[in-house]
Amino acid sequence: MLLGYDPNDSEAGLKLLEDLTTDANQIQGQVLREILTQNARTEYLGCFLDGRVDKELFKEKVPVVNYEDIKPYIERIANGERSEIISSQPITELLTSSGTSGGQPKLMPSTAEDLHRKTFFYNLLVPVMNKYIDGLDQGKGMYLLLIKPEISTPSGLRARPVLTSYYKSDNFRNRRYNRYNVYTSPDETILCSDSKQSMYCQLLCGLVQRDEVLRVGAVFASAFLRAIKFLEDHWRELCSNIRTGQISDWITDLGCRCSVSSILREPDPDLADSIHKECGGESWEGIIKKIWPRTKYIEVIVTGSMAQYIPTLEFYSGGLPLISTMYASSECFFGINFKPLSKPSDVSYTLLPNMAYFEFLPVENSHSGETTQEVHYNGNSGSHPVKRTVDLVDVKLGQYYELIVTTFTGLYRYRVGDILMVTGFYNNAPQFQFVQRQNVILSIDTDKTSEADLLKAVTEAKKLLEPLGFLLTEYTSYPDTSSLPGHYVLFWELKPKVGNNHITAVVDELMGLDGEIMEECCSRVEESLDYVYRRCRAKDKSIGSLEIRVVRPGTFDALMDYCVSQGSSVNQYKTPRCIKSKDALTILESRVAGRFFSKKVPFWEPYKMGG
């Protein structure tokens, strides 16, 4: 089901969104029929449907699967077998997910048609923003976007991250002019394979065009903050380029040099002096608004694990709204935030019913923080358990669900692994808050600490850092079982709010951290963790004191470099909240500047159910 409209016509876009959300149930039925009609005789679906396209039969016979179930089929295509194994349409490329299987990136099938579907999705973001923010056609957006090199497969199919796929496609490079969505970055700088040259040139273009910038952003909050860190490290050189009208010699990519030179036309010492004054000040608090004074908002994903970056973004933002516009993954683009100016903690996404066929597996959120799923076994499905799923329009307000998708590209009843909570409805389409990624946990004994649990606890503990004048800029963890009882270890990278940010000066400040306050941070984390964790610590004595290891500046940049070297995408990289790789752990351990342990046992008492 391919739809389209003129992205310069915001009223038409809003009308289309009204129609999609009003007719959500009907459209979902059409989507499933279209997918099954096209693919019922593929090798995969043919085993279950024998060419039939009935919805009830589909739900009865086709199993709910995870990546390990479909991995053999995708690997066969990657090794040169025909697309008809899973899709009647040719698989034109494979998309590498940020998730992994057996230490390798997961591969998701994609088709040429799906690029048009993504383009339609991106275009629909524009009328929603125009509804809430005026004048976006009176300037440009400074979006800092990066690509990653492709991975070769035996079949010759390209395997690359979903955003790299889109930026390299004709849909992006030959996109129709949209006066509401003009970038400061030339395409050549976005498509540069050298991420350092790409970032430098994009920031240089953004600085030269500072008076035209109405919005700034990146895909994830972490990527945007890496860009700010890059600016901190290179602003003097950037100012020199602006002052002389000449780009640095180390920028050797011809596409970058030519495209940037067309923007950096002549020396501008006044602009260089103005930027130098702002960047050379005592503090970078509010720096984004100072450098780009016309900016109306920062567009980055700040939901899920990205929420931990909100305080740091707020420090740099100067009060600008933080806007998460969309919910998407390598498997499928899902939904749009219809209220972009809502607080990050209140962000909900409305799933667009034409993007895929959606089902939802009910999840129970117990008092201990654990989730349980209801499984219905149908004898007709052989060894495959059939999950009792709920359709898009039948989800219930306030309930938790795991998202399951059937796509136009060859995924059928696939468990994405995201846990969502229903927060409301827009017409007949439900709205969801992203809760967490399934199975991202720490565990020593019977405790199961999720990514969301850890974020909540760290958020509470880092409040104690404010009197010390430090920001927590990154964190990760791992379960240390090298001694008994095992204990949680958190790695924290801290940054002074004000003062000398030279690495030696920062390390000196870290070495002088108040031990009592850091020990209290450890205790605050433990007090904020769930019932089972505190029971294991206080009653069972099966978990030892939580430890925080403060690391030197740049540690998490080194961790990112390592992960990228192992196949992660620069553009999609998110700091892992639990470290499992020995090599990654060695990187962190080699940069520890201080170690602190909780001195108190967290409070625990037997659970009492309210009446």
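**Entry 1: a lysine and a tryptophan ring**

I started at tryptophan 250, where the charged end of lysine 196 sits over the ring, 5.0 Å from its centre. The model is predicted, so I kept the confidence values at hand for a later entry.

Next I asked how many aromatic pairs there are. The count comes to 23 aromatic pairs. One of them involves tyrosine 200 and tryptophan 250. Their ring centres are 5.0 Å apart and the planes stand at 70 degrees, so I noted the pair as edge-to-face. The cut-off for that label is over 60 degrees.

Tyrosine 200 belongs to helix H10 (residues 195-208). Tryptophan 250 is in the loop between helix H11 (221-244) and helix H12 (254-261). The two are 50 residues apart, and the pair links distant parts of the chain.

Buried or partly exposed? I checked both residues. Tyrosine 200 has 0% relative accessibility and counts as buried. Tryptophan 250 has 29% and counts as partly exposed.

**Entry 2: a stacked pair between strands**

Tyrosine 478 and phenylalanine 491 form another aromatic pair. I read 6.0 Å centre to centre and 20 degrees between the planes, and the pair is stacked. Tyrosine 478 lies in strand E22 (residues 470-480). Phenylalanine 491 lies in strand E23 (residues 487-496). They are 13 residues apart.

Tyrosine 478 is buried at 10% relative accessibility. Phenylalanine 491 is buried too, at 0%.

I also found a cluster joined by ring pairs. Its members are Phe121, Tyr122, Tyr143, Tyr166, Tyr167, Phe172, Tyr183 and Phe333.

Which ring lies under the charged end of arginine 413? I found phenylalanine 58, with the charged end 5.8 Å from the ring centre. Arginine 413 is in the loop between strand E17 (400-406) and strand E18 (414-426). At 0% relative accessibility, arginine 413 counts as buried.

I placed asparagine 427 in the loop between E18 and strand E19 (429-437). Its relative accessible area is 37%, so I wrote it down as partly exposed.

**Entry 3: helices H1 and H6**

I turned to helix packing. Helix H1 (residues 10-22) packs with helix H6 (residues 112-132) at an angle of about 110 degrees. Their axes are 9 Å apart. H1 and H6 are therefore roughly perpendicular to each other; angles from 65 to 115 degrees get that label.

Which residues make the contact? From H1 I listed Ser10, Gly13, Leu14, Leu16, Leu17 and Leu20. From H6 I listed Phe120, Leu124, Pro127, Val128, Asn130 and Lys131.

**Entry 4: two single residues**

I looked up tyrosine 73 and found it in helix H5 (residues 67-78). It is partly exposed, at 21% relative accessibility. The buried class needs under 20%. Leaving aside neighbours within four places in sequence, tyrosine 73 contacts Glu43, Tyr44, Ile85 and Ile86.

Serine 590 came next. I found it in the loop between helix H21 (582-589) and strand E25 (592-597). From serine 590 to threonine 555 is 9.1 Å, C-alpha to C-alpha, and 35 residues in sequence.

**Entry 5: the whole chain and its confidence**

The protein has 21 helices and 25 strands. Of its 611 residues, 57% count as buried. Taking contacts between residues at least 6 apart in sequence, I noted that 71% join residues at least 24 apart.

The mean pLDDT is 87, and 90% of the residues reach 70 or more. Where pLDDT is low, predicted coordinates should not be read in detail.

Terms used:
Residues numbered from 1 in each chain as written. Predicted model: local features only at pLDDT ≥ 70, side-chain atom pairs only at ≥ 80, totals over all residues. Heavy atoms only, no water. Phe/Tyr/Trp six-rings, centres within 6.5 Å; stacked < 30°, edge-to-face > 60°. Helix = DSSP H or I, 4+ residues; strand = E, 2+ residues; numbered from the N terminus. Buried < 20%, exposed > 50% of the residue type's maximum accessible area, 1.4 Å probe, protein only. Lys NZ or Arg CZ within 6 Å of the ring centre and 35° of its normal. pLDDT = per-residue confidence, 0-100. Axes fitted to C-alpha atoms, helices over the stretch in contact; angles between N-to-C directions. Parallel < 35°, antiparallel > 145°, perpendicular 65-115°, else oblique. Contact = heavy atoms within 4.5 Å.
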